[in-house]
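Here's a quick walk through a helical pair, the core beside it and the chain as a whole. Have the structure open while you read.

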Amino acid sequence: MLYTGGLPFNLARNPHYVRAFQFAANKKIEGYVPPGYNKLRTTLLQKEKDNVHKLLEPLRSTWKEKCVTIVSDGWSDPTRKPLINFMATSANCKVAGEIIESQFPHICWTPCVVHTHNLALKNICLPRNVETNELTYEQCRWIKEVHEEEFAIKNFIMNHNMRLSIFTKFTPLRLLSVTDTCFASIIVMLKRLKLIKRVLQVWS
């Protein structure tokens, strides 16, 4: 059933799936016909939707008073207390986090690690030549220059169909193009160019 129907293997972990087979194995259900395609997507689906709404009603009834319901995804700390993450990078959200921390000491605010790394890479890979950034610029501007050359090479190949076609004949690897807003993409792209350096030298 899983193979012929293209069903995900996670279905085997579903307790309802397990219980259904256990029930079928332990009961005499001769002549039973499972619900068909149309019934599953109409009548039974609507019935399950109504059941979910009924289960949620105790929570929905509190919305007028509390305005929000916080749901945990199951993560917990070493003492088995639920962890709830509020992810944001806005300065206003940081201030809000500090206010919450002051009132509720057991709640702690931490910056987004990915965003912090991204900002660090931005300052290293694309340093700005300004008065407050002179030291970083002097030490890291060579990375910026290398990145500009790397960007020119990538565009030279990717923006011309004939060149791209010739390039793909020499290597199975592709030039990666990660979103420009993630400055880690500069590192990713340079690593890929290093891998195909010999191909570029032969091709040129």
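Helices α7 (residues 134–158) and α8 (residues 161–170) have axes that come within 6 Å and cross at roughly 100°. Axes here are lines fitted to C-alpha atoms over the stretch in contact, with angles running from 0 to 180 degrees between N-to-C directions. That makes the two helices roughly perpendicular, because angles of 65 to 115 degrees get that label. Bear in mind that this is a predicted model: local features need pLDDT of at least 70, side-chain atom pairs count only at pLDDT 80 or more, and totals for chains, interfaces and linings use all residues. Residues are numbered from 1 along each chain as its sequence is written, and side-chain values use heavy atoms, leaving out hydrogens and water.

Who touches whom? On the α7 side it's F156, I157 and M158, and they meet R163, L164 and F167 of α8 (contact means heavy atoms within 4.5 Å). By class, that contact has five nonpolar residues, no polar ones and one charged.

I157 and F167 also turn up in the largest nonpolar core, together with M189, L193, I196, V199 and L200. A core of this kind is a set of buried nonpolar residues (under 20% relative accessible area, 1.4 Å probe) joined through side-chain atoms within 4.5 Å. Two helices give two or more residues each to this core: α9 (184–195) and α10 (197–203).

Over in helix α5 (residues 91–103) sits E101. At 28% relative accessibility E101 is partly exposed, a label for values between the buried limit and 50%. Leaving aside residues up to four places away in sequence, E101 touches I107, C108 and W109.

Now for the chain totals, where helices are DSSP runs (H or I) of at least four residues and strands (E) of at least two.

| Chain total | Value |
|---|---|
| Buried share | 12% of 204 residues |
| Accessible surface | about 17,500 Å² |
| Carbon and sulfur share of that surface | 60% |

Methods:
Angles under 35 degrees count as roughly parallel, over 145 as roughly antiparallel, 65 to 115 as roughly perpendicular and the rest as oblique. Ala, Val, Leu, Ile, Met, Phe, Trp, Tyr, Cys and Pro count as nonpolar, Asp, Glu, Lys and Arg as charged, and the others, Gly among them, as polar. Accessible areas come from the Shrake-Rupley method with a 1.4 Å probe; for residues, only the protein chains shown count as cover.
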